[in-house]
Amino acid sequence: GVSINAAIIGNVANIVANLETESTEFVERLDAIKSFVHRNNLGTTLQARVEQFMAYLWATHGGVTNDDDFIHSLPYTLQLDLTKSRQRHIRHCPFFDFCSDEIIRALTLCLKLHIFSPNDVIIHADDMGQEMYFLERGTVEVVSRNGKTVFATLTSGCFFGETALFFKQQRNSTIRAAAFCEVYRLDKSDLDRELRQRDFDLSRMLDIFTGIAKSNKRRNEAVANNLRASAVEGTKLYKLIKTDEAELPRGKRRTARKVFLPNSAFRVIWDLISLVFATYYAVSIPYWLAFIEEDPSERSHATWIALDF
């Protein structure tokens, strides 16, 4: 009984110590960022954005941002297993649909994770792009150069910026994060390297991409024409859009509550209460098992032990 009790207490102490280490590292990073913002007089608005981003990072990733570095430090076979869920982005992309499994696995390992806050501009119109993006989580908007016209809203599973992989030309639209979003980036240099190593013929891929690009262009032109028509008073589109704007509720952003951050008072009290209860259970259960009498009349003890478990 004493040995079991010591083992349980030791495991609980290790778990609590690991949790406290992660929380301490996160708090130190957050304090360092706040100090940087304060020293450079960057304003309270930017500081609030930083705090919101760090809160989202803690709520979704436990404060970790270097998952890719950890994955690439592992053996090749483990890298493939850990990134298997990312393959769906490559497989569901039309111009990669006919690629071999070898190419898909190679391109999957080239994907790099990026996290953006609401209203962050992911792609600027008129820039010379060198990468495309796959939307893993969140929502982004395809907007005009002046940022006033929203051509489309993309959700998880969509991709954008693919023109930069095939043609050297300026971006046609701006891509803006509508909420916290996570995207995987595929660089043109990585794509060219992987395809060149395997003597891949790009002609078929270019044909498919050209068809998609023409379809997107027609769609954007139709949206732009409808928006111009909706600005004219008296038209059906004008009346429809004004009615919808009056009825639409304000959107809610997905943000993590401050009470759940490691340095909040709630988390400190919660950790202390959890530690007290964990210590109680680690001591009380072995005690009942070690000293309970083998008496059928004392069935109430068994009930209390079951409740403790």
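How many residues line the largest pocket, and which of them lie nearest its centre?

Mentor: The model is a predicted one, and the description that follows should be read accordingly. The largest pocket is lined by 30 residues. Those nearest its centre are Thr 163, Asn 172, Ser 173, Asn 216 and Asn 220. The space within this pocket amounts to about 800 Å³. Sorted by class, its lining consists of 15 nonpolar, nine polar and six charged residues.

As for the secondary structure around the pocket, at least two lining residues each are supplied by strand S5 (150–154), strand S6 (159–160) and helix H8 (203–230). Of the lining, H8 provides the largest share, with nine residues.

A polar atom of the Thr 174 side chain lies 3.1 Å from the backbone nitrogen of Ala 125. Beyond its neighbours within four places in sequence, Thr 174 is in contact with several residues, among them Val 121, Ile 123, His 124 and Ala 125, and also Glu 141, Val 142 and Val 143.

Lastly, the cysteines: a search of the whole structure finds zero disulfides. For Cys 99, the closest cysteine sulfur is that of Cys 93, at 9.2 Å, and therefore too far for a bond. Cys 99 is buried at 7% relative accessible area, and Cys 181 is buried at 0%.

Methods:
Residues are numbered from 1 along each chain as its sequence is written. This is a predicted model: local features need pLDDT of at least 70, side-chain atom pairs count only at pLDDT 80 or more; totals for chains, interfaces and linings use all residues. Side-chain values use heavy atoms; hydrogens and water are left out. On a 1 Å grid over the protein atoms alone, a cavity is a set of points where a 1.4 Å probe fits but cannot get out, and a pocket is an open set with protein on both sides within 12 Å along at least five of seven lines; lining residues have an atom within 4 Å of a point. Grid points are joined across faces, edges and corners, and a volume is the space filled by probe spheres set on the points. Helices (H or I, at least four residues) and strands (E, at least two) are DSSP runs, numbered from the N terminus. Ala, Val, Leu, Ile, Met, Phe, Trp, Tyr, Cys and Pro count as nonpolar, Asp, Glu, Lys and Arg as charged, and the others, Gly among them, as polar. A polar contact is a pair of N or O atoms within 3.5 Å; within protein, one must be able to donate a hydrogen and the other to accept it, and residues adjacent in sequence count only if both atoms are side-chain atoms. Contact means heavy atoms within 4.5 Å. A disulfide is a pair of cysteine sulfur atoms within 2.5 Å. Buried means under 20% relative accessible area, exposed over 50%, partly exposed in between (1.4 Å probe, protein chains only).
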